[in-house]
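Here is a short report on one protein chain. It starts with a term, then moves from the whole chain to its parts.

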Amino acid sequence: MHPMLTLLGLAALLGASQGRTDCYGSVSRIHTPGASCQTAKPERLPYCGTRASEKIAEGDLRAMNQYKTIIKRVGERHCVEPALIAGIISRESHAGKALRHGWGDNGNGFGLMQVDKNSHKPEGAWNSEVHLNQGTRILVSMIKAMQRKFPHWTKDQQLKGGISAYNAGPGNVRSYDRMDIGTTHNDYSNDVVARAKYYKNHGY
């Protein structure tokens, strides 16, 4: 074989793996009822569900956009959809707007993705790429825990389980339909997925 052809073949292979963000499934294929009324009410919304999730995500869009470049880089590095990272950031910290000096959750949660200081040693500045790397690594570890716990689930089901576990731990996920019972406001993965879909439609 011509050496140039093998190089081209190698480049094609490398190109195929670079920039991928769908290693663990896609939020686009996950059905979700969206935010619970418990989540919507503090946002002063008179409605709940996916409409509420989208409205909250829209309210965070301008703040989110200042982190868009690093969110995309981190998504590609870990092969996770940037829109999902954005969905978690919106839910956890309103893209930083809900934080005081980078901290939330009564001083227990750190940064845009609210890494719990009681379970992890926070890395980097609260709004840095280093921080987003850590939060996304934690998310991936939760998805992998779901792959081990529920090997017969589809990739997308395991992804949704991992999102729920990011909030309440893998032990809280016992079934697909009730995975959010025990998460904050009992809607964590449903709300995050709905917000992520919004961000996916807005360039993430």
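## A term to start with

Angles under 35 degrees count as roughly parallel, over 145 as roughly antiparallel, 65 to 115 as roughly perpendicular and the rest as oblique. Keep that in mind below. The model shown here is predicted.

## The whole chain

The protein chain holds eight helices and three strands. Read from the N terminus, its elements follow the order α-α-α-α-α-β-β-β-α-α-α. The radius of gyration of the protein chain is 17 Å, close to the 17 Å that the globule rule gives for 204 residues, so the chain is as compact as a globular protein of that length.

What box do the C-alpha atoms fill? Taken along the principal axes, the box is roughly 65 × 40 × 35 Å.

## The sheet

The three strands form an open sheet in the order β1-β2-β3. Their pairing is antiparallel. The edge strands are β1 (103–104) and β3 (115–116), and each of them pairs on one side only.

Strand β2 covers residues 109–110. Two bridges join β2 to β1, and these two strands run antiparallel. Trp103 has Phe110 in β2 as its bridge partner.

## Helix α3 against helix α8

Helix α3 spans residues 49–65, and helix α8 spans residues 188–200. Their axes come within 8 Å and cross at roughly 55°. α3 and α8 are therefore oblique to each other. The crossing of α3 past α8 is right-handed.

Which residues of α3 and α8 make the contact? From α3 come Thr50, Ser53, Glu54, Ile56, Ala57, Glu58, Asp60, Leu61 and Met64. From α8 come Asp191, Ala194, Arg195, Tyr198 and Tyr199. By class, the contact of α3 with α8 has seven nonpolar, two polar and five charged residues.

## Helix α7 against helix α8

Helix α8 also meets helix α7, which covers residues 155–168. The axes of α7 and α8 come within 8 Å and cross at roughly 115°. Is the crossing of α7 and α8 left-handed or right-handed? It is right-handed.

On the α7 side, the contact is made by Lys160, Ile163, Ser164, Tyr166 and Asn167. On the α8 side, Tyr188, Ser189, Asn190, Val192 and Val193 take part. The residues of the contact of α7 with α8 divide into five nonpolar, four polar and one charged.

Definitions and conventions. Residues are numbered from 1 along each chain as its sequence is written. This is a predicted model: local features need pLDDT of at least 70, side-chain atom pairs count only at pLDDT 80 or more; totals for chains, interfaces and linings use all residues. Side-chain values use heavy atoms; hydrogens and water are left out. Two strands pair if DSSP finds at least two bridges between them. Helices (H or I, at least four residues) and strands (E, at least two) are DSSP runs, numbered from the N terminus. Axes are lines fitted to C-alpha atoms, for helices over the stretch in contact, and angles run from 0 to 180 degrees between N-to-C directions. A crossing is left-handed if the near helix is turned anticlockwise from the far one by less than a right angle, and right-handed if clockwise. Contact means heavy atoms within 4.5 Å. Ala, Val, Leu, Ile, Met, Phe, Trp, Tyr, Cys and Pro count as nonpolar, Asp, Glu, Lys and Arg as charged, and the others, Gly among them, as polar. The radius of gyration is taken over C-alpha atoms; the globule rule is 2.2 Å times the number of residues to the power 0.38.
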